[in-house]
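Me: I have a model open and want to learn how to read it. Can you take me through some features, one at a time?

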Amino acid sequence: MIDPRGLATFAAGAAAGAGIACWLNREKVQQHVQFTKVESVVVYGGSAVSVDEKFFEAAVQVGKGVAKRGWRQINGGGSFGMMGASTDGGLSEGGTVDAVILDKFIDGVHKGLRKVHVVPSMPSRKMGLYLEGDAFIALPGGLGTIEEIMEVLSWRQLGFHDKPVVFVNTNGFYTHLAKFIDDTINKGFASSKVRTCFHVSSSIEDCLEFIATYQPVHIDKSAIHQGNMQHTEAASAFAHGLPTLIDDNPTPVFVPGQRVIAVKPIRLQRTGEVTPGLHGTVTKYPGELENCVEVDFDDGPLADVPVVSVVPETSE
C-alpha cells in the first residue's frame with residue numbers, strides 16, 4: 001500500500017489489530033515547520049518498568065489528558081514503561097494513539113495502537129515522530145528519552161520548527177536538566193528565548209494547558225554568534241543585583257536618551273571591550289540583537305550590549 005504522506009510502505013501483517021507499516025529510510029531536508037494548532041502530540045518516555053509507581057500514574061494521566069482534549073497521541077509504540085502507560089491512558093479515554101517503532105522492538109509493540117510505523121533505524125524513528133507531532137511531551141525516561149527531546153528542542157532553536165516542548169517534572173525528575181538549560185542560556189551558549197518555547201510542568205494539567213495556549217516566539221540564534229552575548233553569566237548579574245535572562249523578574253526597560261553605566265565587562269566582536277564604569281546614552285531599545293540595548297558610550301563604541309550589562313546612572 002502507499003502511505004498518504006507519499007512514503008513507500010508495505011503491509012507487514014497485523015499485530016493483534018494494529019496496522020503495521022514500514023517506512024523506507026530516506027534523507028529529509030529540514031525546513032521550517034510553522035506551528036498552527038495542536039492536533040497530534042508526541043509523547044516521549046522511558047521503557048523501564050522497575051521505577052516508582054508515581055511515574056506510571058503521571059504517564060497514564062498524560063495519555064488521558066491528551067485524549068480528552070481531542071488530540072492524537074504518537075509515541076514509540078512499546079507496551080511497557082512510560083510509553084505503555086501513556087498509551088493505556090489515552091485508550092481508556094477513547095483516544096487515538098499511533099506509533100513509530102524500531103523493527104527490532106516490534107515484538108513488544110502495544111496491541112491497542114491504531115497504526116504503527118516500523119522503521120529500521122533511530123534516525124528514521126526520530127524523524128518519523130518529529131514529523132507527526134504538533135507538540136512534544138517528555139515523560140521521565142533514560143538516555144534515549146533525553147536525547148530525543150533535547151534534539152527537538154535544539155531544532156527549535158535552529159528554526160526548523162516553532163512547536164511547544166514540555167517536560168513533565170514528576171517527582172522533580174527534570175529539575176536538574178532545566179537548571180542545566182538555564183545555565184547554557186546564562187552563559188550565552190543558547191538564546192534566552194529558548195526559555196519561552198519549553199516548559200517544565202508542575203502538573204499534568206499545567207503541561208496540557210501550556211500546549212493548548214502556546215504562542216510561539218521568534219528565536220534568532222545568530223545573536224549568539226555576534227560576540228555581543230558573551231559574558232552574561234548569572235553570577236555577574238546577581239553580583240550587581242540585576243535580573244538574569246531566565247528569572248521571574250522583568251527585563252530592564254530602557255528609553256532612547258537615557259543615561260546608563262556599564263556594570264560588567266562587555267566583549268564586542270569588532271570594537272573591543274567596554275569596561276565597567278563607562279557611561280553612555282541609550283540610542284535604541286530594544287537593540288538589533290536579542291536581549292540587547294544599543295548604547296553610544298562616552299569615549300567608546302556605539303554598540304548593542306546585553307541588557308544585564310548596563311544600568312541607569314541613578315542606580316550607581
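**Reading the cavity and its surroundings**

Reply: Start with a space inside. The second largest cavity holds about 40 Å³. Keep in mind that this is a predicted model.

Me: How does one find such a space, and how many cavities of 30 Å³ or more are there?

Reply: Rolling a probe the size of a water molecule over the atoms shows where empty space is left. Here the count is 2 cavities of 30 Å³ or more.

Me: Which residues line the second largest cavity?

Reply: The lining is made of Tyr44, Lys126, Tyr130, Glu148, Glu151, Val152 and Trp155. By class, 4 are nonpolar, 3 are charged and none is polar.

Me: Which helix gives the most to that lining?

Reply: H4 does, with 4 residues. Helix H3 (122-132) and H4 each supply at least two.

Me: Take glutamate 148. Is it buried or exposed?

Reply: Check the relative accessible area; under 20% counts as buried. Glutamate 148 has 7%, so it is buried. This residue sits in helix H4, residues 143-158. Leaving out residues up to four places away in sequence, glutamate 148 touches Tyr44, Met122, Arg125, Lys126 and Leu129.

Me: Now a strand. Where is valine 42, and is it buried or exposed?

Reply: Valine 42 lies in strand S3, residues 40-44. Its relative accessible area is 0%, so it is buried. Beyond residues up to four places away in sequence, its contacts are Ile74, Leu129, Gly133, Ala135, Phe136 and Ile137.

Me: How should I read a strand's side chains, and how do S14 and S15 pair?

Reply: In a regular strand the side chains alternate between the two faces of the sheet. Strand S14 (residues 292-297) pairs with S15 in the antiparallel sense, over 5 bridges. One such link joins valine 293 to valine 305 in S15. The hairpin has 4 residues between the strands, and aspartate 299 takes a positive phi near 55° there.

Me: Why is S15 called largely enclosed?

Reply: Count its buried residues. In S15 (residues 302-306), 4 of the 5 are buried, so the rest of the structure largely encloses the strand.

Me: And the chain as a whole?

Reply: The chain has 8 helices and 16 strands. Of its 316 residues, 51% count as buried. Among contacts between residues at least 6 apart in sequence, 65% join residues at least 24 apart. The accessible surface is about 14,700 Å², with 54% belonging to carbon and sulfur atoms.

Conventions
Residues are numbered from 1 along each chain as its sequence is written. This is a predicted model: local features need pLDDT of at least 70, side-chain atom pairs count only at pLDDT 80 or more; totals for chains, interfaces and linings use all residues. Side-chain values use heavy atoms; hydrogens and water are left out. Buried means under 20% relative accessible area, exposed over 50%, partly exposed in between (1.4 Å probe, protein chains only). Contact means heavy atoms within 4.5 Å. Accessible areas come from the Shrake-Rupley method with a 1.4 Å probe; for residues, only the protein chains shown count as cover. Two strands pair if DSSP finds at least two bridges between them. On a 1 Å grid over the protein atoms alone, a cavity is a set of points where a 1.4 Å probe fits but cannot get out, and a pocket is an open set with protein on both sides within 12 Å along at least five of seven lines; lining residues have an atom within 4 Å of a point. Grid points are joined across faces, edges and corners, and a volume is the space filled by probe spheres set on the points. Ala, Val, Leu, Ile, Met, Phe, Trp, Tyr, Cys and Pro count as nonpolar, Asp, Glu, Lys and Arg as charged, and the others, Gly among them, as polar.
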